[in-house]
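Me: Please take a close look at one part of this structure and describe its packing in a connected account.

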Amino acid sequence: MIPLSHYLILATLLFGIGLAVTITRKNAIAVLIGLELMLNAANINLVAFSRYDGALLQGQVFALFVIVVAAAEAAVALALVVRVYGYYKIADLDKLNELKG
């Protein structure tokens, strides 16, 4: 049985990579990938902690809920990115000055 600390280390690494990608990248698609990495790190923690919980499947059910919400978020965000790219012909978030109020 793999100890809990290994899951936590993996989730921490994934979350850190996702956070670094989200902060440093200017491309909208790369930012979405970073957000997905951070959500997957949270899912690893949920499933790992549920293994040590007395009432099983609570973490898995919550992780499944997070996956569904992340898929919906990705669909909406990709639709927005495609629409913005179709209008402005750029995917760089720093160059979208016209969206500022």
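**Helix 2 and its two partners**

Reply: Helix 1 passes helix 2 in a left-handed crossing (the near helix is turned anticlockwise from the far one by less than a right angle; helices are DSSP runs of H or I, at least four residues, numbered from the N terminus). This is a predicted model, in which local features need pLDDT of at least 70 and side-chain atom pairs count only at 80 or more, while totals for chains, interfaces and linings use all residues. Residues are numbered from 1 along each chain, and side-chain values use heavy atoms, without hydrogens or water.

The axes of helix 1 (residues 4-24) and helix 2 come within 7 Å and cross at roughly 165° (lines fitted to C-alpha atoms over the stretch in contact, with angles from 0 to 180 degrees between N-to-C directions), which makes the two helices roughly antiparallel (over 145 degrees). On the helix 1 side, the residues in contact (heavy atoms within 4.5 Å) include Leu4, Tyr7, Leu8, Leu14, Phe15 and Thr22, and they meet a helix 2 set that includes Ala30, Val31, Gly34, Met38, Asn45 and Phe49. By class, this contact has 19 nonpolar, four polar and no charged residues (Ala, Val, Leu, Ile, Met, Phe, Trp, Tyr, Cys and Pro count as nonpolar, Asp, Glu, Lys and Arg as charged, and the others, Gly among them, as polar).

Helix 2 (residues 28-51) also pairs with helix 3 (residues 58-88), their axes coming within 9 Å and crossing at roughly 175°, so that helix 2 is roughly antiparallel to helix 3 as well. Here helix 2 contributes residues including Ala28, Ile29, Leu32, Glu36, Asn43 and Ser50, whereas those of helix 3 include Gly59, Gln60, Phe62, Glu73 and Val81. The contact between helix 2 and helix 3 has 16 nonpolar, four polar and two charged residues. Leu35 of helix 2 is listed in the contact with helix 1 and also in that with helix 3.

How values were computed
Angles under 35 degrees count as roughly parallel, over 145 as roughly antiparallel, 65 to 115 as roughly perpendicular and the rest as oblique.
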